[in-house]
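Visitor: I'm new to this one, and I'd like a close look at just one part. Could you walk me through it slowly?

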Amino acid sequence: MQATTPTASRPGVGERIIAVINRDPRAAPHGTRNDAVLAAVLFAGAACLALFTDDGSRPDPAGWALLLAGHAPLVGRRHRPLLTLCLVAVPIAAFHALDYNHSAPVPATMVALYSIATTGTVRRTLVSGALVIGVGLTMNGLTNPEGMIELLRITGWVVAVLFCGIDVRFYRQYVASIVERAERAERTREEEARRRVAEERLRVARDLHDLLAHSITLIGVQTSVAAHVLTADPERLDRTAVAKALDDIAETCRSARGELRTTLEVLRAQDAAAVPDARGPLPGLSALPDLAESARLAGADVDLSVRADDVPPAVGAAVYRITQEALTNAVRHAGPRPSVRVEVHTERGALRLSVTDDGTGPDPSGTPGFGLLGMRERARSVGGTLDAGPREDAGGFEVTAVLPTPATPLTTTTTITSERAG
């Protein structure tokens, strides 16, 4: 394999010319130096025209001085184009008035006009061109009244140079707008990527909160049951009840560990190709009976009713997480042996979820958590709404959510009633 030489990646002459045309002349590197070289080249060309053409008399020392004075201001044409044109026009007008070679200073005048056309507004360009044409016609009329062809030639060159400069200016603006749109699109993509990363982090945080809060609450309740059995009557120890409580704790830990591993794989994956489906299957309505069973193991009487089918996975996952958090709050705050009713059904293109209990509700003096906030965020993530608060007609707490979903027939009716084990 041959090494890549520096010349292989160097842009060609055509690419460099296009880059110069596209670039704003006022932002070009080494602009003053390049303009000084241009002024020297134009002066050399003017000297050749003055010496080798017969369009007027040859310049004397005063003429050469005027010709040099007409080229020197071109060094600042990028930053002061209008001032440059004025400084060029004065000595060149005198040069023409003294009937020196009229072709010699023409290139310098055209470059000054081109600089105004490429850097100024259209109005300023047209006004400057009209003034130059007027001065040129006046000088030509005084020095050569019968040269009508010369008048047309001067006017044609000025108009052509001005329109060429205006066209280049519009082309540069078009290129600049394309570059600006590309940069804005790139910034938009970066902002979108950052937004998605933030949303994914928030989603993982919500999942971890729901998972850990639910599992730790169940483990705490089950541990309390085992401790009560051990200390209630040590001489008549119910080994079966203790073993069942410990088995429930182990099962809760295994379930939490598996779900925690699925959630954390999102953070450990480097890219989508390495782990095509790091999130695993989303929990949905089919997993609600397991939540009811977990709450039953924690001592709650759960009545679960599901009358829905074929809901979108995102909506099913939102229902699962909201129900999980609501049951966790009921087990934690509703008091001993609460009765909880969970209803899920579709109506008018929406999925309605209701979780009610007959407990005492959260302690107002306690430290507020993120449970209710997380449930509202879950509902908003799929375009739904959620209300939570004490029940007005009876004691207890109620969580209701309305999540939009395509209208589907009620093909499945599932009713599960879970009662606390004795």
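Visitor: In the hairpin of strand 2 and strand 3, which residue takes a positive phi, and how many residues sit between the strands?

Guide: That's Arg348, with a positive phi near 50°, and the hairpin has two residues between its strands. Before we go on, this is a predicted model: local features need pLDDT of at least 70, side-chain atom pairs count only at pLDDT 80 or more, and totals for chains, interfaces and linings use all residues. Residues are numbered from 1 along each chain as its sequence is written, and side-chain values use heavy atoms, with hydrogens and water left out.

Now the setting. The protein has 11 helices and six strands; these are DSSP runs numbered from the N terminus, with helices being H or I of at least four residues and strands E of at least two.

Strand 2 covers residues 339-347 and pairs with strand 3 in the antiparallel sense, over eight bridges. Two strands pair if DSSP finds at least two bridges between them. Across this pairing, Val344 stands opposite Leu353 of strand 3.

Strand 3, residues 350-357, also pairs with strand 5 (residues 397-404), again antiparallel and over eight bridges. There, Leu353 has Ala401 as its bridge partner.

Across the protein's 422 residues, 37% count as buried.

Key: Buried < 20%, exposed > 50% of the residue type's maximum accessible area, 1.4 Å probe, protein only.
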